[in-house]
Amino acid sequence: MDTLTRIRAFIDVVEAEGFSAAARKTGRSKALLSKYVRELEDDLGALLLNRTTRQFSLTEAGHTYYRTASDILKEIDNLADLVRENNADLKGKLRISVPRTFIDAEIGQSLIDFAKENPELQLEILAEDRFVDLIEEGFDLAVRITKLEDSGLIARKLSDFRVYAVATADFVAQHGPLNEPQDMSRVPFIVDTNSRFHNNIRYFEPNGANASVAVSGPIEVNSPQATLRAARAGLGVAMVPDFIAKPYIQSGELVTLFDDYIARDRGIYAVYPHRRYLPAKVRSFVDFLSNWFRKNG
């Protein structure tokens with residue numbers, strides 16, 4: 001019996017959280033999976049799993065072996081994908097993390113268009129407004145809307161992105177003049193709690209220095225779409241992404257404020273773990289989104 005088969009059996013059991021569940025998932029018998037794992041432990045001279053009738057858990061050695069073995073198998077599978085890259089059809093599963101703002105906006109159509117072009121590839125999309133740990137949580141890649149920070153991930157910029165401070169013209173007439181960012185401290189503000197700074201709005205002084213202003217208002221919500229609706233209702237000033245604000249700015253329903261003070265060094269990025277052999281499905285997805293934004297930007 002080859003070692004890779006035993007390793008795959010061990011990983012199947014760990015990820016299914018038990019032999020019975022792994023047997024149902026893989027179509028192999030519980031006894032066969034148990035045999036493979038026991039042989040792997042014998043080869044290693046170490047216990048990987050604690051087995052009782054009511055409890056299943058990894059030993060310390062099991063945790064260490066699982067993390068490394070999972071990475072090795074991913075590399076092997078990715079290498080196979082690379083060799084098969086010339087095939088016209090992509091197959092398998094692609095697990096993606098995206099912000100809810102992205103998928104709920106018009107640009108979320110990019111994911112639908114990719115799925116339509118690759119019917120044999122299953123997309124598993126998790127829409128959450130948090131930075132997932134791609135490696136620990138088993139994602140192939142993530143789409144992030146941010147100022148990119150240094151990390152161990154590989155990033156490819158898909159599109160430029162900026163944030164606008166917006167309000168209705170009637171609101172500005174009622175509460176104005178609003179000429180400088182500090183003016184936001186004295187007017188109702190719609191707070192998007194997804195922001196890492198929450199009730200503090202960051203901006204740049206004319207000399208390039210960083211500054212911030214404390215804000216508050218009638219609504220705090222973790223949704224840019226909701227802050228946009230509140231601004232359109234005249235409830236206050238809101239900071240919203242350009243890709244959901246532009247139609248209302250272009251129509252004149254909303255006006256922009258403090259344009260010269262708000263940072264423009266943001267972007268929409270595809271990020272993925274550094275791997276020697278990048279899976280063809282990840283490369284194809286990133287290439288597709290890059291072209292999609294170029295055509296639809």
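S290 is buried, with a relative accessible area of 7%; here buried means under 20% relative accessible area, exposed over 50%, and partly exposed in between, for a 1.4 Å probe and protein chains only. The residue belongs to helix α10 (residues 280-296). Not counting residues up to four places away in sequence, S290 touches R156 and L158, where contact means heavy atoms within 4.5 Å.

This is a predicted model, in which local features need pLDDT of at least 70 and side-chain atom pairs count only at pLDDT 80 or more, while totals for chains, interfaces and linings use all residues. Residues are numbered from 1 along each chain as its sequence is written, and side-chain values use heavy atoms, with hydrogens and water left out. Helices (H or I, at least four residues) and strands (E, at least two) are DSSP runs, numbered from the N terminus.

## The five-stranded sheet

Strands of a sheet pair through backbone hydrogen bonds, either parallel or antiparallel. In this model, five strands form an open sheet with mixed pairing, in the order β11-β8-β12-β7-β13; two strands count as paired if DSSP finds at least two bridges between them. The edge strands, each pairing on one side only, are β11 (219-221) and β13 (255-257). From one strand to the next, the twist averages 40 degrees.

Strand β7 (residues 163-167) pairs with β13 in the antiparallel sense over three bridges, and V166 has T256 in β13 as its bridge partner. β7 also pairs with β12 in the antiparallel sense, over four bridges; there, A165 has M239 in β12 as its bridge partner. By contrast, β8 and β12 run parallel and are joined by two bridges, with F189 standing opposite V237 in β12.

Strand β12 is largely enclosed by the rest of the structure, because five of its five residues are buried. Both of its faces are covered: V237, M239 and P241 are buried on one side, and A238 and V240 on the other.

Helix α8 (residues 224-232) lies across β7, β8 (189-192), β11 and β12 (237-241), and runs at about 140 degrees to β12. Helix α9 (residues 242-251) packs on the sheet and touches β7, β12 and β13, its direction making about 120 degrees with that of β12. Axes are lines fitted to C-alpha atoms, for helices over the stretch in contact, and angles run from 0 to 180 degrees between N-to-C directions. The buried residues of α9 are D242, F243, I244 and A245. G252 follows α9 and has a positive phi, near 90 degrees.

## The packing of α2 on α3

Helix α2 (residues 19-26) and helix α3 (residues 30-44) pack at an angle of about 110 degrees, with their axes 8 Å apart. That angle makes α2 roughly perpendicular to α3; angles under 35 degrees count as roughly parallel, over 145 as roughly antiparallel, 65 to 115 as roughly perpendicular and the rest as oblique.

In this contact, F19, S20, A22, A23 and T26 of α2 meet K30, L33, S34 and V37 of α3. These residues divide into five nonpolar, three polar and one charged. Ala, Val, Leu, Ile, Met, Phe, Trp, Tyr, Cys and Pro count as nonpolar, Asp, Glu, Lys and Arg as charged, and the others, Gly among them, as polar.

G267 is found in strand β14 (residues 266-273) and is buried, with a relative accessible area of 0%. Leaving aside its neighbours within four places in sequence, G267 is in contact with R144, I145, T146, K157, S159, D160 and F161.
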